[in-house]
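Hi,

Here is the structure I said I would pass on.

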Amino acid sequence: MIISSRKNNEELLAALDGAERVFLVGCGACATACKSGGEEEVFQMQEWLEAVQCDVTGSVVIDEACHIMRAGRDLRHHKQAVEDADALLVLSCGAGIQSISASSDKRVIGGLDSLFLGNIRRFGQYEEKCSLCGDCIINDTAGICPVTNCSKGLLNGPCGGMEEGRCEVDHEIDCAWHLIYERLKKQKRSGVFARTVAPKHWDRRRKPGRFNIKK
Ligand code: SF4
Ligand code: SF4
């Protein structure tokens with residue numbers, strides 16, 4: 001799930017920059033789960049906009065705002081309200097914001113910051129486990145990603161600053177390499193420690209990403 005959070009009022013006011021009529025867009029998927037862009041947050045945003053003298057011409061919560069075709073279809077269902085607006089204020093991750101900007105020539109304002117791809121610990125508690133590097137090495141690291149979980153993203157073992165299993169950069173978190181070592185030991189495998197990991201193929205990260213399941 002993409003974790004996102006609302007921009008603060010100051011940033012939003014600066015982004016609105018003269019837009020007096022706004023059409024609001026939320027996302028029924030990740031932004032709803034993060035409580036940053038679901039129905040409730042769209043409604044709260046509407047109240048806030050009205051308090052700062054900005055008219056809301058209408059609103060929609062798209063099932064998955066990152067779905068480009070669906071976003072276009074839902075905007076067409078609100079054609080007049082979109083037409084009446086100076087700008088579309090979108091409460092979704094950056095992918096959703098760009099679905100909207102691909103579907104309308106209107107000015108598009110992002111109301112959220114996209115933070116990371118998050119695992120859900122429990123509702124409202126999210127943790128980054130994978131940074132989508134495109135060249136996954138966790139088969140050799142006992143299912144623990146050092147690219148993401150090691151504060152320095154080291155590929156070949158610990159930095160030497162670990163203290164009692166805690167990371168030297170942030171004592172609140174476990175040292176990823178300590179976890180990898182302990183888990184490999186339990187599995188009676190040498191895993192990544194049996195070889196030298198070559199410098200990462202960052203070119204495999206595919207920016208911008210493209211993947212067609214039919215090919
Ligand atoms: S190695 Fe790359 S793809 Fe695999 S979990 Fe880590 S960041 Fe994600
Ligand atoms: S202490 Fe461990 S997790 Fe922290 S930077 Fe060093 S190797 Fe990475």
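Two strands count as paired if DSSP finds at least two bridges between them. Helices (H or I, at least four residues) and strands (E, at least two) are DSSP runs, numbered from the N terminus. On that basis β4 (residues 87-91) and β5 run parallel and are joined by four bridges; V90 has G110 as its bridge partner in β5.

Some housekeeping: this is a predicted model, where local features need pLDDT of at least 70 and side-chain atom pairs count only at pLDDT 80 or more, while totals for chains, interfaces and linings use all residues. Residues are numbered from 1 along each chain as its sequence is written, chains are lettered from A and ligands numbered from 1 in the order in which they are written, and side-chain values use heavy atoms, with hydrogens and water left out.

Now the sheet. It is open, with four strands in the order β3-β2-β4-β5 and parallel pairing. β3 (55-62) and β5 (107-110) each have a single partner strand, so one side of each lacks a neighbour in the sheet. Direction ignored, neighbouring strands are turned by 25° against each other on average.

Two helices pack on this sheet. α1 touches β2 (21-27), β4 and β5, and its direction makes about 170° with that of β5. α3 touches β2, β3 and β4, at about 160° to the direction of β2. Contact here means heavy atoms within 4.5 Å; axes are lines fitted to C-alpha atoms, for helices over the stretch in contact, and angles run from 0 to 180 degrees between N-to-C directions.

The helices also meet each other: α1 (residues 9-16) and α3 (residues 39-51) pack at about 70°, with axes 12 Å apart. They are therefore roughly perpendicular (65 to 115 degrees). N9, L12, L13 and L16 of α1 make the contact with M45, W48 and L49 of α3.

I120 is bridged to Y126 in β7. Two residues lie between the strands, and G124 takes a positive phi near 85°.

Cheers

Definitions and conventions
Parallel < 35°, antiparallel > 145°, perpendicular 65-115°, else oblique.
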